[in-house]
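Please keep the sequence and the 3D view at hand while reading.

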Amino acid sequence: MGRWTATFAAVGANVTSIDASAHAVESTSRYNPHTHQMTLFDLEKWPSSRQYDMVVAWGVIMHTHDPRQAFHILAERVNKGGGLLLQIYDTGTGAAFHHLRSLRKAYRELKTFEERIAMIQLVHDAVGFDVLDLLDAMNTAYNWVVPEETVKKWYTEAGFQDYIHLGKNTYLGMRKHTIPVTRDDHGLLTKPGWQAVQDPRIFALWIDREELEYRDLIVDLNRKKARVSL
C-alpha cells in the first residue's frame, strides 16, 4: 500500500488507502491522511457513489477467502472510464509450485521465528524463489493461484471494455477502450509500452521490457486531480 500511495500522491492524485494491517495504516498515514484500517470486503459498506479513476490491488485478492468476490467488490469502485490494476498469482508463478502446500504446512509447524527464517533461506537456496515472495506465500492464510483465463472472465463479467495482461501476474482492465498494446516477437510489451491517450484522465504505464516491472507510473493531470483507491 505504501509505495503505491507515495507514487500516486507524488504526481498529485487524491489517494484513498486501505489496509487490514494496523502497522501499514500507521506508516502510510504519515503522508496520506485518507488512510483507513479495513479489509477490501468492508468497501461494501461505503456508499456506491464513492468511486475512483483508478483502483489498485497489488498482491491482495489471492490472499482472501474469496478472490472472485474480492475482485467484483473492487470493480464496483471503478468509475466510468477508470481502470482496475491487479496483481494476482497465475499458474506460471512459484505460487503454483506443486510442493508449496506441503512447504506451507511444514513452515507453520515451526515454533520459532528463527526456525522459520532458516527454512525460508533453505527453500530459497534449493529452489531459487525470491525470499520476500516466499515470506508472502508462507505467512498468509490463503494463497490462491488463478489462471489468466479466469481473471479475464472476471473483467468481462464486471463490464470492463479493455483487458490487458501486462505480464508477471499483472492485469489491467479499463472501462473505456484504449489504444492497442504493442508487443515484440517474443510477446513482451515494447517501450514506451502503451499510453491511454484517448482519455487523459487515466495514465501512462512505462514498462521495462527486460524485467516487465514498472519503471514509472504517471497520472495525467490535464484535468482535475485523479482519484485513486489503493
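Which residues are buried in α7? In this model, which is predicted rather than determined by experiment, the buried residues of α7 include Val-151, Trp-154 and Tyr-155. They lie on the same side of α7, because the arc that they cover around the axis is only 95°.

The face of α7 that is turned away from this buried side carries Glu-149, Lys-153 and Thr-156, which are exposed. On the buried side, the residues of α7 pack against helix α3 and against three strands, namely β4 (78–87), β5 (162–167) and β6 (170–174). After α7 comes Gly-159, a residue whose phi is positive, near 85°.

## Helix α3, a neighbour of α7

Helix α3 is mostly covered, since 7 of its 9 residues are buried. The buried residues of α3 are Pro-67, Ala-70, Phe-71, His-72, Ile-73, Leu-74 and Ala-75, and they pack against β3 (52–58), β4 and α7.

## Aromatic rings between the helices

How many aromatic pairs does a search of the whole structure find? The search finds 9 of them. One is formed by Phe-71 and Tyr-155, whose ring centres are 4.9 Å apart and whose planes stand at 85°, an edge-to-face arrangement. Phe-71 belongs to helix α3 and Tyr-155 to helix α7, so this pair ties together parts that are 84 residues apart in sequence.

Both Phe-71 and Tyr-155 are buried. The ring of Tyr-155 also pairs with that of Tyr-163, and this second pair counts as tilted because the planes are at 55°, with the centres 5.6 Å apart. Tyr-155 itself has a relative accessible area of 1%, which is why it counts as buried, the cut-off being under 20%. Phe-71, Tyr-155 and Tyr-163 belong to one aromatic cluster, which also takes in Trp-154, Phe-160 and Tyr-171.

## Salt bridges

The structure holds 3 salt bridges. One of them joins Glu-157 to Arg-68, with the closest N and O atoms 3.2 Å apart. Glu-157 lies in helix α7 (residues 148–157) and Arg-68 in helix α3 (residues 67–75), so the pair ties together parts that are 89 residues apart in sequence. Glu-157 is partly exposed, with a relative accessible area of 36%, and Arg-68 is partly exposed as well, at 42%.

Another salt bridge is formed by Glu-109 and Lys-105, whose closest N and O atoms are 2.7 Å apart. Both residues lie in helix α4 (residues 100–109), where they are 4 residues apart, about one turn of the helix. Glu-109 counts as partly exposed at 47% relative accessibility, whereas Lys-105, at 53%, counts as exposed. The salt bridge between Lys-45 and Asp-42 has its closest N and O atoms 3.6 Å apart; here Lys-45 is exposed, with a relative accessible area of 69%, and Asp-42 is partly exposed, with a value of 23%.

## The protein as a whole

The protein has 7 helices and 10 strands, and of its 230 residues 45% count as buried. Among the contacts with a separation of 6 or more, 57% are between residues 24 or more positions apart. The protein exposes about 12,400 Å², and carbon and sulfur atoms supply 52% of this area.

## Confidence in the prediction

The pLDDT of the protein averages 77, and 73% of the residues score at least 70. Among the elements of the protein, α3 has the highest mean pLDDT (95), while strand β8 (residues 203–208) has the lowest (34). Over residues 191–225 pLDDT stays under 50, and for this stretch the model has 95 contacts beyond four places in sequence.

Conventions
Residues numbered from 1 in each chain as written. Predicted model: local features only at pLDDT ≥ 70, side-chain atom pairs only at ≥ 80, totals over all residues. Heavy atoms only, no water. Salt bridge = Lys/Arg side-chain N within 4 Å of Asp/Glu carboxyl O. Buried < 20%, exposed > 50% of the residue type's maximum accessible area, 1.4 Å probe, protein only. Helix = DSSP H or I, 4+ residues; strand = E, 2+ residues; numbered from the N terminus. pLDDT = per-residue confidence, 0-100. Contact = heavy atoms within 4.5 Å. Arc of directions from axis to C-beta. Areas by Shrake-Rupley, 256 points an atom, 1.4 Å probe, with all protein chains shown as cover. Phe/Tyr/Trp six-rings, centres within 6.5 Å; stacked < 30°, edge-to-face > 60°.
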